[in-house]
Amino acid sequence: MSSSAEPILELKKVEKQVRGPFGCLRILKGIDLIVPRGQFLAVTGPSGSGKTTLLEILGCLSRPSSGDYLLGGRSVAKASSNELADLRASSIGFVFQSFNLLARLTARQNVELPLAYQGVPTAERQARALDALSAVGLESRADHPTPAMSGGERQRVAIARAIVGRPPLLLADEPTGNLDAANGAQILQLLSSLPVGRRTLIMVTHDPQVAARADRIMELRDGEFVAERCE
Amino acid sequence: MIPTLADLKARGFPNPTWLVLSLVGLAVGTSVIVILLSWGEGLSIALEEGTNKTGKNLVLCFLGRISKDRAGPAGPRRIWLTREDVSFVRRRARGIELAVAESRAWKPVGAGPKSVTIDVRGVEAAIESIRDTRVVAGRGISELDVQRRAAVAVIGSVASNRLFGSASPLGERIEIDGRPFRVVGILEDPSGDLIRDRTLQSEQVWIPISTFFSIGPRYGSDIDIVDVLLFRVRSDRPYSEAVREVRRLLTSRLEVGEHDRDALQFVTALDVLRRLPIAAVPRFLALLGVVAVSISAIGVSSFMALSVHARRHEIALRKALGARELRLLTRFAAEGGGLTLFGGCLGLLLGLAVCNVIERLDTPEILPIPVVQSGVLMIAMGVVALSALLTAVVPAYHAVRVDPSAAFRSAS
């Protein structure tokens, strides 16, 4: 799992345990992973294999129970809440399966959110949001409320929101899961065309056809990587 | 701009009707605090004015019995005052500016065929001055009346009504204890007289004290007994000092122990007023207002906590996108606290408006008018501020505790 390119992230023997009603549950069991910059990595596996938990740790939304996580060469396993929030705002873009757009905001306002948390001034925020919407082909619908948009359009707004902060790392959780085949294909095309240059995309999916577009596929079962394939 | 129910619903507030009801409760509670505390202030002022009407700086001295533990082998004995004792106090006490003797008895008073029992007071000429009252028609009891034991009477409005109905009593003849008197004056009807000294002034008939003594012996004795010594404390002297001085003079003259409270009892108008629970009522009701505000604040706070719960997915998403905890804390604290401040300020305005309306109403003089003082507003604003703090902290605390990974969990 090594790569000659400079790694953007590295997991070292990462474990995640949670306390449940029947005792302690090990969700991730000593995961090792190195992802080079610019790579499109697909993580596959059946439900309950730990894909989303892995994505949460990679997205700095939760901390590993043990092991270390290096993002951009910096250990974040024991970072404070504020440091993690700043990392999420500046370095990570999220694309969720159910879009996660705020219904009372317009498309542009949704896209502006990460920039607001980075402290970008309003005028620049609006310009960059329009740029991002333009990149996903929705510039003309910038001021539309998102509930009035189709599923494919909403996911494109979500992608615009993920890329607007120019984060080096994009994390996508089943981004086509709520879309029909045609819209799903469009979104995949859009996502696979994004990691140009030094942008890295890690996508969680259990659809082999979606995973087939990635540079590298890793299969997770019962909290452990069991297979790896490079395209 | 005031948000509508639809706006609140669109912003993710669950059950905005509940929020509006909580805010109404908050506003009503705050206004109740303002109204009742202001009413309490008005009541205090009315009481003070009533005290002044009863007689400014007035002290009443009643005599009783020497208490058992001070009586000695002869046993307890009754003691009394005479007009000479009153003159003695008048001459010797430096802390008082006026002293008047008064005797009183329930007497049968007749006018024509009517005969009723009335509180008849034997008074000196200075009675009007010391009781801070006046005669509204005719004249009062004069020094000459007292010297000549004149058969003249000054009558209160209620007593007059009982004897003469609506007809004027001036110049009419009445009989007290079967002895004829001529009505020479009508007493003022002080509606603010808050002390009922056995009867109200309007229910009394005043006659010269010397004539009172001549009507007949009382207590089985031929001594002219003065029932009450009224004296006015100099305005530059404290009540307690003047009372101590009069007590010392009288106990020495009457050979009574200086600390015998059974023998001499001093009552001031303020003492009487302080015994009345009426002044505590507005404070108690205002306390209920504080409780109402607190309960409403808890309502708003619970609502905000529920609102945070309903919006936890949005909060998780904002956190996932990089929102710092302090930012969320500020946002939700401002939302909860702002709503409470809004309700509280509405309540303040409502309270002030109600006070203003009551002030403009044509109310009887005896009914206290609310007096809004800065202290009242400070208390009300303090209660609102505390409530706002409560409603700010609780939702903010809940918002900060939302796990950002809920953004993924709800999505997957």
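Predicted model: local features only at pLDDT ≥ 70, side-chain atom pairs only at ≥ 80, totals over all residues.
Local features require pLDDT of at least 70 and side-chain atom pairs pLDDT 80 or more, whereas totals for chains, interfaces and linings use all residues. Residues are numbered from 1 along each chain as its sequence is written, chains are lettered from A and ligands numbered from 1 in the order in which they are written, and side-chain values use heavy atoms, with hydrogens and water left out.

Q: Why is A:Ile57 called buried?
A: A residue is buried under 20% relative accessible area, exposed over 50% and partly exposed in between, with a 1.4 Å probe and protein chains only. A:Ile57 has 1% relative accessibility and therefore counts as buried. This residue belongs to helix H1 (residues 51-58) of chain A; helices (H or I, at least four residues) and strands (E, at least two) are DSSP runs, numbered from the N terminus.

Q: Which residues does A:Ile57 touch, not counting residues up to four places away in sequence?
A: Contact means heavy atoms within 4.5 Å. On that basis A:Ile57 touches A:Leu11, A:Val14, A:Lys16, A:Leu28, A:Ser62, A:Pro64 and A:Tyr69. A:Leu11 is 46 residues apart from A:Ile57 along the chain, and their C-alpha atoms are separated by 9.5 Å.

Q: What makes H1(A) a mostly covered helix?
A: In H1(A), 8 of its 8 residues are buried. Among them are A:Lys51, A:Glu56 and A:Leu58. Just after H1(A), A:Cys60 has a positive phi of about 60°.

Q: How many helices and strands does chain A have, and what share of its residues is buried?
A: Chain A contains 7 helices and 10 strands. Of its 231 residues, 55% are buried. Of the contacts in chain A between residues at least 6 apart in sequence, 70% join residues at least 24 apart.

Q: Why is A:Gly165 called buried?
A: The relative accessible area of A:Gly165 is 12%, so this residue is buried. A:Gly165 lies in the loop between helix H5 (151-163) and strand E7 (169-173) of chain A. Not counting residues up to four places away in sequence, A:Gly165 touches A:Ser90, A:Leu115, A:Gln118 and A:Arg128. The C-alpha atoms of A:Gly165 and A:Ala89 are separated by 7.5 Å, although the two are 76 residues apart along the chain.

Q: What makes the phi of A:Asp222 worth noting?
A: Most residues other than glycine have a negative phi. A:Asp222 has a phi near 50°, a positive value in a residue other than glycine. A:Asp222 is in the loop between strand E9 (216-221) and strand E10 (224-230) of chain A. Its relative accessibility is 54%, so A:Asp222 counts as exposed.

Q: Why is B:Asp132 called partly exposed?
A: The relative accessible area of B:Asp132 is 43%, and this residue is therefore partly exposed. B:Asp132 is found in the loop between helix H5 (127-130) and strand E4 (135-138) of chain B. Its phi is near 55°, again a positive value in a residue other than glycine.

Q: How do you know that A:Asp86 and B:Arg324 form a salt bridge?
A: A salt bridge is a side-chain nitrogen of Lys or Arg within 4 Å of a carboxyl oxygen of Asp or Glu. The closest N and O atoms of A:Asp86 and B:Arg324 are 2.5 Å apart, and the pair therefore meets the definition. The count between chain B and chain A is 2 salt bridges.

Q: Which elements give two or more residues to the side of chain B that touches chain A?
A: They are helix H12 (312-320), helix H13 (325-360) and helix H15 (406-409) of chain B. H12(B) gives the most, with 6 residues.

Q: How much area do chain B and chain A bury between them?
A: Buried area is the accessible area (1.4 Å probe) that two parts lose on being put together, summed over both. Chain B and chain A bury about 2300 Å² between them, 56% of it on carbon and sulfur atoms. The contact takes 24 residues from chain B and 24 residues from chain A.

Q: Why is B:Glu314 called buried?
A: B:Glu314 has a relative accessible area of 10% and is therefore buried. B:Glu314 lies in helix H12 of chain B and touches A:Leu102, A:Arg104 and B:Arg331, not counting residues up to four places away in sequence.
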